[in-house]
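Trainee: Could you walk me through how to read a few features of a model like this one?
Mentor: Gladly, let's take them one at a time.

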Amino acid sequence: MTALRDRLGAHGVFLGRLAQQPAADLRRDVTALERLGFGTVWIGEAFGREPFTTAAIVLAATERLVVATGIASIWSRDAVAMINAARTLAEAWPERFVLGIGVSHPPLVSPRGHLYGDPRSTMSHYLEEMRRARYEGPSPDPEPSVVLAALGPRMLQLAATQAEGAFTYFVPPEHTRGARTALGTGVLAVEQAVVMADTRAGARRQADRYVTTYLGLDNYRRNLLRLGYGAADVSGEGSDTLFDSLIAWGDDEGLRTRLRAHPAAGADHLAVQVVAVDAPVGVMDGLRRLAQLLDPG
């Protein structure tokens, strides 16, 4: 069996708004990403498409691309449904599906009628229920790999001991250095937002909404404060210092340098997300440019 690091490849794509397109457009774009050489696409879950059915669309449209949920919320389905959906995909497309799961955020969970509890203990119990889940379908070989959305030390420790690794999102390279240590030999996949702009002012016009959205979620804000950023850094649209630590922008050489930061800090896999106000056209144009800069594989 191929190790998870090798299956993911060095570089992938967080689909973001690309995943919200009509199915025909989604098929077209993911086949283009496969031709460009990206190893993995990551599909999130918030208000848009359901990630497992979307994964099936992508897997059926491509030949080698690995598809990962990044992440599937544990509040959207119980543990039995989660792992058995993953097993269904893993059996149909061996070694091409990775299950990334996470505890999501209170503003997304409470409207569904759930009580958001302690993230680590909730996830630990959920993983135990997944391990106990009965499954009578055709068995996948191997079982689907599982990674956890992890920011703080307690969830990273859980990812190190009860999963194959972690997927981190909206983090600066200094977080990756700490996560690498916490995970030990576990796989570390990191999302990196990218803006096609040569100036900070241009980059902020494209990405301020992205930054503001995530700074509005307590889990991300507290993670940045834990890393030493101040209250002013994480307020509103964030300080320029914070922006530059989270968003890759600049000319080709500047982008190359910035995109090496997470791998240099210990990331095994970098999932780039092009942030563009004219998505999806601007996103695909940006990803074609990044394919030349990253030499995916």
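Predicted model: local features only at pLDDT ≥ 70, side-chain atom pairs only at ≥ 80, totals over all residues.

Trainee: How much space lies in the second largest pocket, and which residues line the second largest pocket?
Mentor: The second largest pocket holds about 200 Å³. Its lining includes Ile 83, Arg 87, Leu 127, Met 130 and Arg 131, and also Glu 143, Pro 144, Ser 145 and Val 146. Gln 162, Ala 163 and Glu 164 belong to the lining too. Sorted by class, that lining has 6 nonpolar, 2 polar and 4 charged residues.

Trainee: Now helix packing. What should I look at?
Mentor: Two packed helices are described by the angle between their axes and the distance between the axes. Take helix α3 (residues 51-61) and α4: their axes come within 11 Å and cross at roughly 5°. An angle under 35 degrees counts as roughly parallel, so α3 is roughly parallel to α4.

Trainee: Which residues of α3 and α4 make the contact?
Mentor: On the α3 side they are Phe 52, Ala 55, Ala 56 and Leu 59, and α4 brings Met 82, Ala 85, Ala 86 and Leu 89. By class, this contact has 8 nonpolar residues, no polar and no charged ones.

Trainee: At what angle do the axes of α12 and α14 cross?
Mentor: Helix α12 (residues 252-259) and helix α14 (residues 281-294) have axes that cross at roughly 70° and come within 10 Å. The two helices are therefore roughly perpendicular to each other. Asp 252, Leu 255, Arg 256 and Leu 259 of α12 meet Arg 289, Leu 290, Leu 293 and Leu 294 of α14. Here the classes are 5 nonpolar, no polar and 3 charged.

Trainee: How many aromatic pairs does a search of the whole structure find?
Mentor: The search finds 11.

Trainee: Finally, the backbone. Where are the cis peptide bonds?
Mentor: One joins Gly 70 and Ile 71, with omega about 5°; Ile 71 sits in the loop between β3 (66-69) and β4 (72-73). Another joins Ala 279 and Pro 280, again with omega about 5°. Pro 280 is in the loop between β10 (269-274) and α14.

Trainee: And what is phi of Glu 95?
Mentor: Phi of Glu 95 is near 65°, a positive value in a residue other than glycine. Glu 95 lies in the loop between α4 and β5 (97-102).

Key:
Residues numbered from 1 in each chain as written. Heavy atoms only, no water. Axes fitted to C-alpha atoms, helices over the stretch in contact; angles between N-to-C directions. Helix = DSSP H or I, 4+ residues; strand = E, 2+ residues; numbered from the N terminus. Parallel < 35°, antiparallel > 145°, perpendicular 65-115°, else oblique. Contact = heavy atoms within 4.5 Å. Nonpolar A, V, L, I, M, F, W, Y, C, P; charged D, E, K, R; others polar. 1 Å grid on protein atoms, 1.4 Å probe; cavity = no way out; pocket = protein on both sides within 12 Å on 5 of 7 lines; lining within 4 Å. Points joined across faces, edges and corners; volume = space filled by probe spheres on them. Phe/Tyr/Trp six-rings, centres within 6.5 Å; stacked < 30°, edge-to-face > 60°.
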